[in-house]
Every structure is written in C-alpha cells, then in structure tokens.
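Biologist: Before we discuss the arrangement of chains and domains, please display the sequence and the structure.

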Amino acid sequence: MMALCDRLERLSNAFGPSGRERDVRALLRAGIAELADRIEVDALGNLIAYKTGADPEPRLRVMLSAHMDEVGFMITEIQKSGLLKFQPVGGLDPRMLPAKRLVIGDARIPGVIGAPPPHLQSAKQASQPPRGSGGQPVELDDLAIDIGAESDKEAEAKVKVGDYGVFATQFTVLSRDSSWPTVRGKAFDDRVGCAMLVALLAERYPVDLVVVFTVQEEVGLRGARVAAYRVEPDAAISLEGTICDDLPRPPDVDLTPVTRLGAGPALTLMDRRLVSHPGLLKLLRDTAEAEGIAIQYKAPGLGGADSGAIHLTRAGVPATVVAVPCRYIHSPASILNLNDMENSVRLMAAALRRIGREHLERAG
Amino acid sequence: MKGSHVLELTRRLTEAFGVSGYEDEIRSVIRAEIAGLVDEVRVDTLGNLVALRRGAGAAGQPGKRVMLAAHMDQIGLMVTHIDEKGYLRFAPVGGVFGLACWGSQVRFADGTVGTVGLDGGISARDKLPTLNSMYIDVGATERAGVTVQVGDVAAFWHAFAGQGSAWFAPSMDDRIGCVVLVQLLRELAGREIAHDVYAVFTTQEEIGTRGATTSAYAIDPYVAIALDVTLTGDGPHTKPALEVYLGRGVALKIMDKGMISHIGLNQLLIAAAEAEGIPYQREVLQVGSTDARAMQMARSGIPTTALSVPSRHVHTPSQIVDRRDVAAAIALLVAFLDRPITV
C-alpha cells in the first residue's frame with residue numbers, strides 16, 4: 001500500500017499535460033527499468049514495456065494501458081498588461097478555474113487565474129454562489145493567468161506563447177485509516193493508472209504482458225491508437241481514474257452515482273467510446289468473485305478511455321476498462337481511496353494469471 | 001411467392017433483439033438464415049457476422065473482393081439506475097430522440113417489456129422532453145419486483161406489420177438492410193458469380209460505425225457497399241430538400257455527412273440499374289452516415305458507396321419502408337455482381 005501511495009505521490013506531482021508528457025515518462029521509465037524485459041518509446045511518445053510470459057508459446061499478448069497526460073493549459077497570448085491568455089488542453093470546466101494556482105513552463109513559473117474579489121460584487125451576486133463556483137456562467141474569454149508581471153516585457157522574460165501550464169497542487173495524504181485511506185492531488189486521471197501499471201509489472205504472468213503508458217488521451221485517445229497498432233494485442237485493458245459523484249444528494253433525488261469511493265474497482269459496461277467485450281467482463285467478474293474483491297459498475301454511457309481507440313485497431317481487439325473512482329476529476333484537487341487502488345491492482349494481477357483464449361471469443 | 005418469403009424474412013429479422021453492442025440474438029437469427037448459402041462464416045472480435053460467398057473469377061482472373069455491409073444493431077436504451085419505486089433510468093444507445101420515447105413500448109433481451117414514462121405532471125406533456133426526464137416503467141410496484149439490472153439494454157418494441165406495399169417495424173434501421181443482404185445471398189445460391197462476396201452483418205453502427213471499421217480492415221475489400229436506410233423528403237409539409245421518396249426505388253448514395261461516395265463505383269451501379277430497368281434515386285443526405293464512412297477509410301482507403309432503402313420515421317418506434325424499394329435494392333445488387341467490377 002505504501003509503495004503504491006509513494007508512487008502515486010511522485011506521479012501526481014509531476015508536470016505532464018497532453019503533448020508534454022516527458023517528465024512523467026522519465027519518472028516511469030526509471031521506475032520500470034528493472035521490471036521490464038524491453039522498453040521502447042514510439043513516435044508519439046508512448047512508453048511501451050514488454051514482459052515475456054512464463055507459459056510455453058503460443059502465448060496471449062495482453063496490453064495494459066494508462067495515460068501519462070493530464071488536463072492543463074497552453075499559453076496563447078501575452079497581453080500588454082502582462083496577463084496571459086490561454087487555451088485549455090483537454091476537458092476543463094471554465095467555472096472551476098477562477099482563483100486556481102498554476103505553474104507554467106519548464107521553469108515552473110507560478111501564477112494564478114484571476115478572479116474578481118467579493119467586494120466588487122453586488123449584494124445580490126454575493127448572496128449567490130461565487131462567480132466561477134457554479135453559480136454564474138464563466139467564459140474562458142473572461143479568464144487570464146496572472147504571474148505577477150508588471151508588463152508584457154516582464155512576462156515574456158519568463159513565459160513564451162506555447163508554454164504549458166498545469167495546476168499547482170502538491171499531493172497530500174488525508175487519512176491514514178486503513179479502512180478509509182484517502183489522498184488528495186492533481187492528475188489522478190490517470191496517474192493512478194500509471195502507478196498501478198508499475199505495480200503490475202513487478203510480477204511475471206503466464207501471458208506476454210505489454211504495458212503502455214500512453215500520451216494525449218485527454219485530447220482524443222491519440223497515443224493509444226498508434227500504440228495498439230504497433231503492439232497488435234490479443235486483448236487490452238485500460239486502467240483509469242474515473243468520475244466519482246457519490247456526495248450526498250437532495251433527499252428527493254433517487255439516482256445512482258456514477259461510481260462510489262471505496263466501493264472497489266469500477267468496471268465499464270459501456271461508455272461513449274466502447275462497449276466492453278463480454279468475455280473480458282466475465283473474466284473480471286469471475287476473478288473478483290474468486291479473489292473476494294468487491295467491484296462496482298460505472299454508470300453506463302459516460303466518458304471514454306484509451307480502450308475506445310484500442311478496440312477499433314486493425315481487425316479489432318477485445319477491450320475493457322478498470323477504473324479507480326476519483327472525486328473532483330479534472331480539477332486541481334481530486335480525492336481517491338487507496339483501497340480502491342490496491343484492490344484494482346489485485347484484481348488485474350489475478351486476471352492476468354487467469355486470462356485464456358476462452359475469454360476472447362464471442363457467442364456464435 | 002418470393003414476395004411472401006421476403007416479407008416473412010423481414011418479420012423474423014425485425015422482431016429479433018439486437019441493440020448496439022448486444023447483437024447476440026439477431027446474429028444467431030441471421031446465422032441460421034444464411035446457413036448453406038455461403039462458403040465460410042465467422043464471428044469476429046467485435047461480433048460482426050462475416051460470411052463469404054466465394055466467386056469463380058472471370059477470364060482466368062480471380063474475382064474481386066466485394067464487401068457488402070448491413071448493420072445488425074438497432075438503437076436502444078441502457079439502464080443506468082433503478083429507483084426505490086422500481087422505475088428505471090436510462091442512457092441512450094445511439095441516436096435516441098426524447099420526442100420519440102414517451103409512451104413507447106420497449107423490450108429487453110429476456111423478453112421483459114416496459115413503457116417509457118415522463119417525469120412531472122400534466123404540464124410536462126406539452127414540453128419537448130429530454131431523456132433525463134424519462135424512465136422505463138416495467139409495471140413494478142416496488143424495487144424488489146424488478147428483475148432488470150443496471151447495464152441491461154432495451155429496444156423499441158412492436159410487432160412487424162405489412163400493409164399493402166408498406167412495411168412497419170421499430171427496427172427497420174437497419175434490419176431491412178440485413179433483409180436485402182440475406183435475400184441477395186438466397187438469390188445468388190446456385191448461381192455462378194465471378195466475385196468474392198463478403199456479406200458482413202455489422203455491429204455497433206449506431207454508436208460510431210465500429211463493427212464496419214474492424215471488419216473492413218480484416219477483409220481489405222476491393223470495393224465496399226453499405227446497405228442501410230435513408231430518410232425521405234416526402235412528408236406532408238417537408239420541402240423536398242431531400243429528393244428521396246418512399247416507393248420510387250433504391251437510393252444510391254452520392255453524399256452524406258460522413259462520406260462522399262466513390263464516383264466510379266456509383267457509375268457502375270447506375271449503369272447496372274439503367275441496363276436492367278431497376279428504379280433508383282440519387283441520395284444527397286444532409287444528416288447522418290452509414291458503415292460506408294468507416295469502410296471508405298479502412299487501411300489505405302476503399303472505393304465505397306451505399307445503397308439505401310428509403311425509410312420514413314427513422315429512429316422512431318414505427319419506421320416504414322416500401323417492399324418495392326427493397327426489391328429494387330436486391331435486384332440492383334444482383335445486376336452489379338453479374339458485371340465486371342473495375343474502379
């Protein structure tokens with residue numbers, strides 16, 4: 001558990017928006033150097049680790065993936081005032097952005113997204129949720145990053161157009177209670193997947209394992225598409241951090257949350273990009289039952305993961321997703337339960353020991 | 001005699017269950033229909049039913065690989081939540097219109113039926129409903145009485161009906177394309193053909209032409225034709241921005257939102273239609289697309305078009321096609337396959 005938590009801490013704190021994953025890749029590469037038989041980096045920047053199986057040939061080739069990239073910002077304009085205009089990289093809710101701290105570029109220049117102080121709001125506005133917290137619409141055009149520069153000249157000495165920014169959030173352990181161990185940090189989507197893949201590489205399985213740390217998932221599953229073309233797997237499972245909205249609801253609202261914190265690995269039936277392969281779903285269900293691991297199903301029809309691209313590669317790949325619930329995903333501070341993470345690793349390791357050709361077939 | 005065979009085939013295929021990603025039942029029904037008509041049949045990773053009717057070649061040359069794709073899946077509803085009273089909330093699978101849902105009967109794979117209900121009082125009935133404001137009512141009076149589970153899928157359900165030349169079913173998109181393809185295989189039976197015909201009954205078309213994407217890669221055809229429905233421009237108050245009419249023949253796709261058809265392939269189809277006197281219409285569709293979109297982009301690109309059966313009320317619980325258009329589609333495919341194919 002502590003090894004997983006430490007790995008997640010380092011990965012969560014790393015700088016890695018879509019298209020600028022190299023720090024995360026370097027961290028992971030060092031972490032898996034002793035665990036993989038062979039490591040390569042492809043043209044898009046995917047980090048691919050091969051671990052030969054223990055069974056005699058022919059062996060299944062199973063691809064596990066997690067994406068290295070996180071949502072972030074790209075600087076598009078340095079204004080006369082020294083403020084920086086930006087474009088989101090990946091899915092960000094503009095209402096969430098005011099008053100959030102960022103770091104920008106290789107020099108990690110600190111900044112904040114500007115927000116009007118409460119003093120300047122009318123009494124009526126003040127009685128509503130503050131601007132940017134969901135009460136009133138916020139347009140991206142209204143927002144700018146302030147790095148404390150006096151002028152464009154001073155700002156240009158620190159930041160260039162095209163530099164990336166990410167949320168400036170340091171990983172924190174919130175609860176060490178072993179029945180409910182929680183942590184807070186940025187980029188759990190999908191550094192939690194990356195941390196789990198490193199843990200899974202420690203073992204040698206009967207099947208050939210290809211672990212892919214992908215790039216550019218948040219901007220369209222781009223790395224996974226080319227990685228799967230290269231790897232040509234017999235089956236693929238993406239490990240993700242996923243939506244968790246299990247907070248208390250008004251008493252008259254009777255709806256299932258997308259996932260629940262602490263309720264175990266979340267299996268995908270259908271999301272916006274994938275209908276999970278029935279054989280792989282059966283494998284995961286049967287494995288969970290045999291291992292005594294509680295699982296949950298992510299509410300259907302929401303989100304998408306690398307498996308959405310992988311399963312359409314070449315003549316098709318059986319694919320599914322296993323995810324750790326993360327509250328406040330795509331925000332500066334997500335919260336997850338380490339037990340969900342540890343149980344996801346246990347489930348995946350046991351599934352890799354169990355998977356066979358019978359899990360890859362379809363009914364006539 | 002033949003006409004009633006096609007009608008009975010249409011009844012069987014339209015009444016089978018098969019929502020995108022959950023095509024097991026319709027696949028097994030079609031598999032039984034084409035047994036003995038093809039040389040090879042397999043089910044691939046995405047669940048596509050891929051059948052090959054081998055051709056003899058012509059003039060010492062092997063036949064061309066012709067991929068014909070009709071999708072087995074229909075749009076549907078996936079259960080996302082079951083509340084304490086036993087009502088089911090759902091997510092759409094494919095392009096489900098709120099307007100078309102209220103009061104519709106739906107059916108699950110195990111035969112359980114339900115009615116789509118609408119939140120709110122009487123005033124809600126006058127507003128355009130969203131899917132979030134609707135639920136499936138399986139007639140339960142408490143949650144304990146519900147056998148359906150989260151993740152189960154339902155499809156609009158009504159028995160097939162034939163009325164004159166008009167045929168009604170909630171699953172015409174695209175079971176009628178499957179009918180065309182099965183009937184084509186029947187008509188090719190015992191007949192010498194030059195080309196290798198890959199009859200592919202695809203999956204997951206309604207959620208992104210996914211089955212066609214992988215099956216086209218695997219087959220690597222010389223040309224490809226999607227068999228699907230298209231909208232019509234012949235409603236009572238519709239300006240005929242779409243020059244496609246029920247009963248006036250098979251529609252030959254020129255363009256839709258997802259693809260521009262291969263000109264040379266379309267010319268071959270037009271030549272065959274004109275030579276045989278088969279009624280056809282030129283289709284320029286400004287919404288939607290078909291498996292042709294995915295097949296065209298497979299590998300390094302495939303010459304592709306689509307033949308459409310005009311259908312009124314597509315993606316509603318009561319879609320109408322005309323058997324004369326179905327017959328024209330089958331006749332045109334036979335005529336096309338009888339001729340040399342070079343594009």
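Biologist: With which residue does A:Arg108 form a salt bridge?

Modeller: This is a predicted model, and side-chain atom pairs are counted only at pLDDT 80 or more. A salt bridge requires a side-chain nitrogen of Lys or Arg within 4 Å of a carboxyl oxygen of Asp or Glu. For A:Arg108 the closest N and O atoms of such a pair are 2.6 Å apart, and the partner is A:Asp23.

Biologist: How many salt bridges does the rule find across the interface of domain 1 of chain A and domain 2 of chain A?

Modeller: The domain assignment gives chain A a domain 1 made of 2-70 + 186-360 and a domain 2 covering 72-167. The number of salt bridges found across their interface is three.

Biologist: How many salt bridges does the rule find across the interface of domain 1 of chain B and domain 2 of chain B?

Modeller: In chain B, the assignment places 3-74 + 171-337 in domain 1 and 76-156 in domain 2. The contact between them takes 14 residues from domain 1 and 16 residues from domain 2. Two residue pairs are in polar contact between these domains, but the number of salt bridges is zero.

Biologist: Which three residues supply 47% of the area that domain 1 of chain B buries against domain 2 of chain B?

Modeller: The domains of chain B have C-alpha centres 31 Å apart. The area buried between them is about 1100 Å², and carbon and sulfur atoms give 66% of that area. On the domain 1 side, the three residues that supply 47% are B:Phe17, B:His315 and B:Pro317.

Biologist: Which residues of chain B lose the most area to chain A?

Modeller: Contact between the chains involves 31 residues of chain B and 22 residues of chain A. About 2100 Å² is buried between the chains, 59% of it given by carbon and sulfur atoms. There are five residue pairs in polar contact between the chains and zero salt bridges. Together accounting for 28% of what the chain B side buries, the residues that lose the most area are B:Thr45, B:Arg210 and B:Tyr217.

Biologist: How much space lies in the largest cavity?

Modeller: A search of the whole structure finds three cavities of 30 Å³ or more. The lining of the largest cavity includes A:Glu70, A:Phe167, A:Lys186 and A:His330. By class, the lining residues divide into five nonpolar, three polar and four charged. The space in this cavity is about 70 Å³.

Definitions and conventions:
Residues are numbered from 1 along each chain as its sequence is written. Chains are lettered from A and ligands numbered from 1 in the order in which they are written. Side-chain values use heavy atoms; hydrogens and water are left out. Domain bounds come from an automatic or database domain assignment. Contact means heavy atoms within 4.5 Å. Buried area is the accessible area (1.4 Å probe) that two parts lose on being put together, summed over both. A polar contact is a pair of N or O atoms within 3.5 Å; within protein, one must be able to donate a hydrogen and the other to accept it, and residues adjacent in sequence count only if both atoms are side-chain atoms. On a 1 Å grid over the protein atoms alone, a cavity is a set of points where a 1.4 Å probe fits but cannot get out, and a pocket is an open set with protein on both sides within 12 Å along at least five of seven lines; lining residues have an atom within 4 Å of a point. Grid points are joined across faces, edges and corners, and a volume is the space filled by probe spheres set on the points. Ala, Val, Leu, Ile, Met, Phe, Trp, Tyr, Cys and Pro count as nonpolar, Asp, Glu, Lys and Arg as charged, and the others, Gly among them, as polar.
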